[in-house]
Amino acid sequence: MSVALNVFTIAAVSFGAFFFLAGTVGLLRFPDTLTRLHALTKADNLGLGLIMLGLLPHVAWPFGALKLIAVWVLVLVASASASQLIARKVRDT
Amino acid sequence: MREFLLYAAGFVLAMVALGLVRILRGPDDADRMMAAQLLGSGGIAVLLLSAGGGLPAADVALVLALLAAFASVAFVKSGDVARANKSESEEGK
Amino acid sequence: MNVELVFSLGLALLILAVAGFVIVARGSFAAIVGFVAFGLMLSLAWMGLSAPDVALTESALGGGVTGALLLGACARLRRASDVEETLGLVGRGAALVLCLGVTTGLVGVVLCLPDPAPTLAPVAKQSLASTGLGNAVTATLMVYRALDTMLEKVVLLLALVAVWSLAPDRFWGGRPVFGSRQEKGGPLSFLARVLIPIGILVGIYLFWVGADAPGGAFAGGAIIAAMGILGFFAGVSAVPAVSAFRLRVALAAGVAVFLGVGLAGLAAGTGFLTYPENFAKPVIVLIEVAMTLSIGVTLALLVVGPPGESFGP
């Protein structure tokens, strides 16, 4: 059982790290501020979500896990709105 | 498992560092506003991975999420003033 | 090589690099962004040093409130004169040399400490049981060094009065102009309505949990201050006038309650700022409630600035 959980953690965290890599590559290579913002927000948040998923088996259940999920939802909502704000600022320039 | 998580944390930290280099160099002020986003998601990922999801880390992650959103708003709002002042001084000339 | 060592080294180098960037950055905005990044990275370092309380306060203050404060100051400076920055290369070089000197000195002192380093931590932990608290940091702040904590709050109040005194005479007692009333329904409005209740809840939770786990009044108050500033930014709450009575009550509450408890200890005959035996924790919590409120309001007002004519942000 714990072997399966460990494999799950390693897989999820690896995928999450991969998405962070993808986001950073986008950040470095995209030509425009808006496209860079898009890469940063989408890929990094997805990476964070996968990493969160991978860490769930290792935290105290229920409150530790609920707290982690709450952190991720908060980051999602906050970065969605914040990236909208930044994009509007860039567009209005 | 702990070693693997630390490797992952180091990897994500490297991604954050690369992204930070790109963002802070960015020719425009608009690029730099994204720094809060990058540090928010990336920083939380590094934090949770290096702590293995333990409980004090979850609280700090929560605070980081809130603060990243707040910092983004502060950056965007002060960009407003910079632009307003710049356009005012240009009109005055 | 040990993974932990590599990770810590990488983090330390990154922090130094960001600090270097802050010094050489062109333009105040870039430097302030770098400073906020520095603060957030530093809180990661504090976590690595097993100091979650410091990490919490560092991210809340250094990452959030101080960043907003600097941005506001930068905006005011830009308005006052069109000069971008006045510190030339020589000035910056001198600052760099000075900082390097202080850092080298500190590193030298730490590396020359005897092994094991002298510390009061075991003594602090021994007396924890009698205070009724579980967190040694909170015990140090509120019990062993309560006088220092009270005086810090007084200093915070004095700083606020100093900021207020910058207002031109005709605006004294008026409203500071900060934030804007704009787009009802834009993303900023949405973000504020979602984030502020959650943030206030987190602030209260941090203060409450600080008795036994990392947290405490200061971190909780700083989060609440950040949420208040967010409300002003988004226009969902109006900046109160400086002379408002309830505002001044909220500001004074922390120091007042602290002082009251201290004098009560004096009246009970056990000495200034002593807590009753076996009843310490409720008294401490009472002080912390007032302190959290005061700290939140004071920090938010510090960022908002003195009352005056309109200039933004």
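Reader: How are residues and chains labelled, and which pLDDT limits apply?
Author: Residues are numbered from 1 along each chain as its sequence is written, and chains are lettered from A and ligands numbered from 1 in the order in which they are written. Because the model is predicted, totals for chains, interfaces and linings use all residues, whereas local features need pLDDT of at least 70 and side-chain atom pairs count only at pLDDT 80 or more.

Reader: In what order do the elements of chain B run from the N terminus on?
Author: Helices (H or I, at least four residues) and strands (E, at least two) are taken as DSSP runs, numbered from the N terminus. On that basis chain B has four helices and zero strands. From the N terminus on, its elements therefore follow the order α-α-α-α.

Reader: What percentage of the 93 residues in chain B is buried?
Author: A residue is buried if 20 or more other C-beta atoms, placed from the backbone, lie within 10 Å of its own, exposed if 12 or fewer, and partly exposed in between. By this count the buried part of the 93 residues in chain B comes to 65%.

Reader: Which helix supplies the largest share of the side of chain B that touches chain C?
Author: Two residues are in contact if their C-beta atoms, placed from the backbone, lie within 7 Å, and here 42 residues from chain B meet 50 residues from chain C. On the chain B side, α1 (2-25), α2 (29-32), α3 (35-51) and α4 (55-92) each supply at least two residues. The largest share, 23 residues, comes from α4(B).

Reader: How many residues of the side of chain B that touches chain C are nonpolar, and how many of the side of chain C that touches chain A?
Author: In this classification Ala, Val, Leu, Ile, Met, Phe, Trp, Tyr, Cys and Pro count as nonpolar, Asp, Glu, Lys and Arg as charged, and the others, Gly among them, as polar. The contact between chains C and A takes seven residues from each of them, and the chain C side of that contact has no polar and no charged residues. The side of chain B that touches chain C includes six polar and six charged residues. The nonpolar residues number 30 on that side of chain B and seven on the side of chain C that touches chain A.

Reader: Are α1(A) and α1(B) roughly parallel or roughly antiparallel?
Author: Angles, which run from 0 to 180 degrees between N-to-C directions of axes fitted to C-alpha atoms over the stretch in contact, count as roughly parallel under 35 degrees, roughly antiparallel over 145, roughly perpendicular from 65 to 115 and oblique for the rest. The axes of α1(A) and α1(B) come within 9 Å and cross at roughly 10°, which makes the two helices roughly parallel.

Reader: How are α3(A) and α3(B) oriented to each other?
Author: Helix α3 (residues 63-91) of chain A packs against α3(B) at an angle of about 165°, with the axes 11 Å apart. Their contact has four nonpolar, five polar and no charged residues. The angle makes α3(A) and α3(B) roughly antiparallel.

Reader: Is Phe19(A) buried or exposed?
Author: Phe19(A) sits in helix α1 (residues 2-29) of chain A. Not counting residues up to four places away in sequence, Phe19(A) touches Ala43(A), Leu46(A), Gly47(A) and Leu50(A), and its C-alpha atom is separated from that of Leu50(A) by 8.8 Å. Because Phe19(A) has 21 C-beta neighbours inside 10 Å, it counts as buried.

Reader: How far apart do the C-alpha centres of domain 1 and domain 2 of chain C lie?
Author: The domain bounds, which come from an automatic or database domain assignment, are 1-86 for domain 1 and 119-313 for domain 2 of chain C. In chain C, 14 residues of domain 1 are in contact with 19 residues of domain 2. The C-alpha centres of these two domains lie apart by 23 Å.

Reader: What is the phi of Ser50(C)?
Author: Most residues other than glycine have a negative phi. Ser50(C) lies in the loop between α2 (28-48) and α3 (52-80) of chain C, and is exposed because 10 other C-beta atoms lie within 10 Å. Although Ser50(C) is not a glycine, its phi is positive, at about 60°.
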